[in-house]
Every structure is written in structure tokens, then in C-alpha cells.
2 protein chains.
Amino acid sequence: MKNESSTVENYIKTIYSLCDKNGKTTVSAVAERLQNNPASVSNMVRRLHEKGLLENKSKLILSKEGNLLARQLIRKHRLWETFLVRVLNFKWEEVHDIAEQLEHVHSPLLTERLPVFLEYPKFDPHGDPIPDKKGNLPDLNAIPLTEAEVDQLYIFRSVATDKSDFLNYLNKKGLQLGQKWKVTEKEEFDGSVKLLIDENREVYFSETVAQNF
Amino acid sequence: MKNESSTVENYIKTIYSLCDKNGKTTVSAVAERLQNNPASVSNMVRRLHEKGLLENKSKLILSKEGNLLARQLIRKHRLWETFLVRVLNFKWEEVHDIAEQLEHVHSPLLTERLPVFLEYPKFDPHGDPIPDKKGNLPDLNAIPLTEAEVDQLYIFRSVATDKSDFLNYLNKKGLQLGQKWKVTEKEEFDGSVKLLIDENREVYFSETVAQNF
DNA sequence: GTAAAATTTTAGATTAATCTAAATTATGAA
DNA sequence: TTCATAATTTAGATTAATCTAAAATTTTAC
Ligand SMILES: [Mn+2]
Ligand SMILES: [Mn+2]
Ligand SMILES: [Mn+2]
Ligand SMILES: [Mn+2]
């Protein structure tokens, strides 16, 4: 695994996370996500292909190497988040931005020893699975809140974003991983839901929030 | 404290470490140390001065802010080295290059919590003092091996470089911090010395090695 | 099946960080 | 003091990563 610049690494992670079921995405989607100009993305796509990180010159599909690089970055990111919460007593909403930097530290030895010390964690503080050394991810049968059936009991296993503003909102509402919940009401016209948490507390969520569950 | 690029941070650290008793150094010394062309250094010196990190436009003297930045980088570097050895079981010769990357991670919260977890270490794994939050360093009365008196007993407190090749050499010779030693012979013509370690083992050191003690 | 709209690419510029080669400035030994 | 050598700066180029504006291409809508 070569030592790519953090700019290149961030492009690869972004492309990975935006890929649809066919494994592809678009210049404009990447530009939007990175808040970069499409012209800049177009230029970078050419360079990523030259580095062998993209399958195709014109289509935005990760090559085998690109895919592995993405998964290894996600592995490092989630291991560091786990470390920060478990060892340095950070809160779950504090760790993402720091892990965005730490994931670019290049050291095979460090990447090997961090999970040993943490005793091979399988999930990060946001309930997201940590890819193994080879980049494999477990098959999760998690259901997004927007697809939950009314009155069916679920367990809160993960959040779909670990941005601090969203997590702070969950904290304010008293939501935590591991809680049991069910949807008691579902508004079709605006996608909002009413939840019963731990069988004793009611919370209302807008569709925007529900989508990140 | 603004968020400088790691290139700028590395220049500031280099200038700091090269400064003489008058607090100054030269373009050519920095170029030599960083293995850069003097023209590149000259160009960077102008930019560092524009950023307020150098006292003077033409003389290579750190400003108050430049000096503090350097000390805070050294603090982070040595805290990370301590963390790697104490927590992740790294050996003292393995940590410098990783700390060179970790010291550029910018997070006031992390810089605050790392020393709390480590219980405010005063020295790094190489015996080098860790500056406090404000950048203050303790006054050490350490004596370099080259200035040691013959037959006087000393304790091995620190090394002057933490590059892995030098530390591997010390490992091979069985040298460790905390050991007692005295110079039993000193060759004036080549600066080499003969040491008695822990009163039972003899080692010969060239002047090159002695200078890094 | 065209035409408008959206998307992508190209062209040209900019900034940080580097280089080589040339010009300038400083040092210092005779 | 003077002139050779050393140190530094300037000039011009290069590469990565970005931008804006314009051109080209693809998609969608009628
Ligand atoms: Mn994260
Ligand atoms: Mn996470
Ligand atoms: Mn070090
Ligand atoms: Mn050290």
C-alpha cells in the first residue's frame, strides 16, 4: 500500500461512501460532498486513475486497490474513534474530526498494534462496524429508522453519521446506543415519526433526523 | 494558535533546534538539516516572517509566537512518544517517525487529554524533558558524554537523538536509560571513550556516538 | 428527434512548496 | 583594502491542489 497524500485519501473515502450498488458515483456528487468545484474533481479523477485507484478513466468506479485503500482508511478512522472514547474518555460527538486527521497517519506498526491494545473491537463508538485487516466488513442486518414498522420493537445499534451536530442533538434527546425503541406513529406527509424509547419515553423525530438513524 | 501546515511546523521545529545561544541560526544550516535547497529555505523564511513566526525579516530568529509553536510541537511529539511506548508497547527506537506525524494532528482537546491519561509525564522515552502546557522546560544539569570526567560516576539520563539507527546501536550494546557509568579511558586524538557500565561491563564508543549521549 | 438543461471537461490562473541556475551580498584572509 | 569564496536571494520552472469561465458532452423533456 503506497503512501498517498491525505487529499487523495479523502477523495477515495468520499468516492467509496458515495458509491451506489453498482459501485459507482458521479463527479458532481463528489464535488458536492467535498464542497469542491466539479472542475477540481474532474482533474483529480484523472490523477486517481493514473495512480490505479480507479477502475476506469471516465467512470467513477474504485479499482481493487482503491477499494482496499478506502476500507483501510475507514478501519483506521474507526479504530482511532474507539481509542479516543475508550482510552482518552472522549464523548462520541467529539471524536470524528480528530479521527479525520489520525486516519492519515501512516504506520503499519501502529495500525497493527492499536487494535491489539483495544482487543480487536468490532464496532466504533457510533455502532459502525470496523473493517478487519483485509478490509472485510460484517454483513449487518440493520434497519434504518425510516423503514421501521410501526409497533415492532427494535434496538438502537448505530447512527448513519458521526458529525458532532447530529450527535449533540441525539444527546439532547437522551438517545443512546443499546436502547430499545418502537415507532408508535408515522406521519406520511412529512416523514416524521414518534418513537417510544425504552418503553417509557416519547420522542418526535423529523424525517431529516430519521434518515441518519 | 493558528493551524499551520506541517511543512511550516517542521521548519519552525528545525529552526528552534538549530538556534544557538543568541537564539539564531542560518539559512544554510536549515537547508542542510531539512535536506532542502538553500533557495527553498530562503523563500520559506520570507513566508515565516510574513506569518509572524520570525522576529526579523533577514535574521533567522524565532518570534515569541514561533518559539511557543516550536515548544508545543515538541510537547506533542514527546507526549505521543511516551504514549506509544507506555500504552502500545512500542520500543524506544520505533516511536520517533510515528511521532513526527502525530505531532501535526491539531486538536486542543486531544493535546489536553493525552497528558492527563499519561499522568503528566515529565520525560519522554529517550529521557528528553516534555515542555509543559505553556512551553516551559525544566532546567536540566545533564552532562554530555564528551564532557564527562574520567572515573567520575554518572547516570545515563537521556540521548541527544532519537533516530532509530542510533537507538538500535545502543540496544545492540546493551545501553539503557538509568544505567550507571563512568569513563575509564579517553582517547584525545580521536575523541573515542571506554566506558564501564553498571560497574561490570566495558563498552567502547567513537566520538560520533559519544556526541549523541 | 431536437432543444434545453445538466453534467463534465478543458483552458488558464493561483498558491504552497519545491527545484536549478544565475545574480547579489557578505565574510574574511592576504 | 581588496578580491576570492561562501552564503543568500532572485528569477524562472515544476507539481499538487485548487479556482473561474468557457467549451463540450450527456441527459432529459417535449
Ligand atoms: Mn467518524
Ligand atoms: Mn464513527
Ligand atoms: Mn522523537
Ligand atoms: Mn524523544
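A residue is called buried when its relative accessible area is under 20%, and exposed when that value is over 50%. The model discussed here is a predicted one.

**A buried serine in chain B**

Ser192(B) has a relative accessibility of 16% and therefore counts as buried. Ser192(B) is placed in the loop between β4 (180-186) and β5 (193-197) of chain B. Its side chain makes a polar contact with that of Asp190(B), at 2.9 Å. Once the neighbours within four places in sequence are set aside, the contacts of Ser192(B) are Glu185(B), Lys186(B), Glu187(B), Phe205(B), Ser206(B) and Glu207(B).

Of the atoms of DNA strand C that come within 4 Å of the protein, 75% belong to sugar and phosphate.

| Residue | Distance to a phosphate oxygen of DNA strand C |
|---|---|
| Ser42(A) | 2.7 Å |
| Ser5(B) | 2.6 Å |
| Ser40(B) | 2.3 Å |

Two or more residues of the surface near DNA strand C come from each of α2 (27-34) and α3 (38-50) in chain A, and from each of α1 (6-18) and α3 (38-50) in chain B. The largest share, 5 residues, is that of α3(B). Sorted by class, this surface has 10 polar, 6 nonpolar and 1 charged residues.

**The interface of chains A and B**

In the pairing of the two protein chains, 20 residues of chain A are in contact with 20 residues of chain B. The area buried between them is about 1,700 Å², and carbon and sulfur atoms give 73% of it. On the side of chain A, Leu88(A), Gln101(A) and Arg113(A) lose the most area to chain B, together 30% of what that side buries.

Across this interface there are 2 salt bridges and 6 residue pairs in polar contact. One salt bridge joins Arg113(A) to Glu94(B), with the closest N and O atoms 3.3 Å apart. The side of chain A that touches chain B receives at least two residues from each of α4 (64-86), α5 (96-102) and α6 (108-117). Of the elements of chain A, α6(A) gives the most to that side, with 5 residues. The residues of that side comprise 13 nonpolar, 5 polar and 2 charged.

Key:
Residues are numbered from 1 along each chain as its sequence is written. Chains are lettered from A and ligands numbered from 1 in the order in which they are written. This is a predicted model: local features need pLDDT of at least 70, side-chain atom pairs count only at pLDDT 80 or more; totals for chains, interfaces and linings use all residues. Side-chain values use heavy atoms; hydrogens and water are left out. A residue is near a molecule or strand if one of its heavy atoms lies within 4 Å of it. A polar contact is a pair of N or O atoms within 3.5 Å; within protein, one must be able to donate a hydrogen and the other to accept it, and residues adjacent in sequence count only if both atoms are side-chain atoms. Helices (H or I, at least four residues) and strands (E, at least two) are DSSP runs, numbered from the N terminus. Ala, Val, Leu, Ile, Met, Phe, Trp, Tyr, Cys and Pro count as nonpolar, Asp, Glu, Lys and Arg as charged, and the others, Gly among them, as polar. Buried means under 20% relative accessible area, exposed over 50%, partly exposed in between (1.4 Å probe, protein chains only). Contact means heavy atoms within 4.5 Å. Buried area is the accessible area (1.4 Å probe) that two parts lose on being put together, summed over both. A salt bridge is a side-chain nitrogen of Lys or Arg within 4 Å of a carboxyl oxygen of Asp or Glu.
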